[in-house]
Amino acid sequence: MPLRPGPSRQESGRSRSRSCCRGAGTAPDTRSRMGSMAAQSTIGILGAGEIGRAVADKAVSHGHEVLIGNSRGPETLKAVVEQLGPKAHAVTAEAAAQPELVFLAVPFSAVPDLTSLTDWSGKIVVDTTNQFAAANPWRGRYDVGDLTGSEWVAERLPGARIVKAFNSLFAAFIAADPRHEEGRQVVFYAGDDADAKAAVAGLLDEFGFAALDLGGLREGGRLMQLDGPLSAKHLLLQYVG
């Protein structure tokens with residue numbers, strides 16, 4: 001779910017990344033983790049907005065089958081899947097929730113409607129949402145009390161292994177090539193399940209992003225979520241020769 005229309009200030013993001021990420025050293029070696037996703041030939045995506053489409057494009061470009069669904073039905077996604085190509089399939093929301101890895105790219109307020117879509121137990125769910133109270137246009141803040149947004153999401157998808165990712169980036173930065181002359185686009189991620197995090201980090205690496213682990217949903221989620229210090233920060237992890 002986009003925070004707002006993507007900015008055109010990529011150069012400013014690069015300049016910030018020089019100071020922020022220089023001390024991070026080389027990008028984490030996630031090649032050993034990519035095997036965790038090798039068997040994930042099908043990826044579900046709930047939501048066909050800017051972020052859902054951007055993630056779907058990355059997935060099909062790297063050989064994954066994608067099931068993309070929304071609340072309005074597969075007939076509304078015909079143009080989307082035609083643009084994405086033959087590895088993308090318009091399906092019901094229930095069908096999009098069936099794979100073992102699902103990207104959640106719906107408005108935050110729509111999350112409670114997903115509880116009964118499937119048995120979420122054991123599924124890896126990549127939560128890209130932000131706590132906007134309303135969408136189109138994005139505005140207000142959804143009250144989740146003392147919880148982080150992803151902790152609140154986890155309560156509504158019982159048994160799911162939630163990994164927070166992509167929510168701190170404008171959609172335009174997800175859609176673009178993450179490999180730049182100076183380095184790779186950083187994607188922060190957080191979660192409480194080590195295996196799920198490793199699988200998602202491997203997929204992000206496969207897509208070309210530099211995946212940086214911020215810890216658990218509580219501490220990492222607070223850094224990444226709407227109004228957090230890393231929200232809408234677009235950074236490059238510089239290549240080190």
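Biologist: What is the N to O distance in the salt bridge where the side chains of K164 and D127 meet?

Modeller: This is a predicted model, in which local features need pLDDT of at least 70 and side-chain atom pairs count only at pLDDT 80 or more, while totals for chains, interfaces and linings use all residues. Residues are numbered from 1 along each chain as its sequence is written, and side-chain values use heavy atoms, leaving out hydrogens and water. To count as a salt bridge, a side-chain nitrogen of Lys or Arg must be within 4 Å of a carboxyl oxygen of Asp or Glu. For K164 and D127, the N to O distance is 3.1 Å.

Biologist: How many residues apart in sequence are the parts that the pair of K164 and D127 ties together?

Modeller: K164 lies in strand β6 (residues 161-165) and D127 in strand β5. Strands (E, at least two residues) and helices (H or I, at least four) are DSSP runs, numbered from the N terminus. Since each partner sits in its own strand, the pair ties together parts whose separation in sequence is 37 residues.

Biologist: Are K164 and D127 buried or exposed?

Modeller: The classes rest on relative accessible area, found with a 1.4 Å probe on protein chains only: under 20% is buried, over 50% is exposed, and in between is partly exposed. Both K164 and D127 fall in one class, and that class is buried.

Biologist: Which residue forms a salt bridge with K123?

Modeller: Side chains of opposite charge can pair when their charged atoms come close. In this bridge the closest N and O atoms are 3.7 Å apart, and the partner of K123 is E100.

Biologist: Where do K123 and E100 lie, and how many residues apart are they?

Modeller: K123 is in the loop between β4 (101-104) and β5, and E100 is in the loop between α5 (93-96) and β4. K123 is buried because its relative accessible area is 4%, whereas E100, at 42%, counts as partly exposed. The pair links distant parts of the chain, with a separation of 23 residues.

Biologist: How many residues apart in sequence are the parts tied together by D227 and R141?

Modeller: The side chains of D227 and R141 meet in a salt bridge of 2.8 Å, N to O. D227 lies in the loop between α9 (219-224) and β9 (236-238), and R141 in the loop between β5 and α6, so the pair ties together parts that are separated in sequence by 86 residues.

Biologist: Which class, exposed or partly exposed, does D227 count in?

Modeller: R141 has a relative accessible area of 46%, so R141 is partly exposed. D227 reaches 59% relative accessibility, so its class is exposed.

Biologist: How many salt bridges does the structure hold?

Modeller: Some residues are linked in a network of salt bridges: D146, E151, R218 and R222. For the structure, the number of salt bridges is eleven.

Biologist: Is the pair of F108 and W152 stacked or edge-to-face?

Modeller: The ring centres of F108 and W152 are 4.5 Å apart. Their planes are at 25°, so the pair is stacked.

Biologist: Is the pair of F166 and F209 stacked or edge-to-face?

Modeller: The ring centres of F166 and F209 are 5.4 Å apart. Their planes are at 75°, so the pair is edge-to-face.

Biologist: Which residues form one aromatic cluster?

Modeller: F166 is buried because its relative accessible area is 1%, and F209, at 0%, also counts as buried. One aromatic cluster is formed by F103, F166 and F209.

Biologist: What is the distance in space, C-alpha to C-alpha, between I51 and L104?

Modeller: I51 is found in helix α3 and is buried, as its relative accessible area is 1%. I51 and L104 are 53 residues apart in sequence, and their distance in space, C-alpha to C-alpha, is 9.5 Å.

Notes
Rings of Phe, Tyr and Trp (its six-membered ring) pair if their centres lie within 6.5 Å; planes under 30 degrees apart count as stacked, over 60 as edge-to-face and the rest as tilted.
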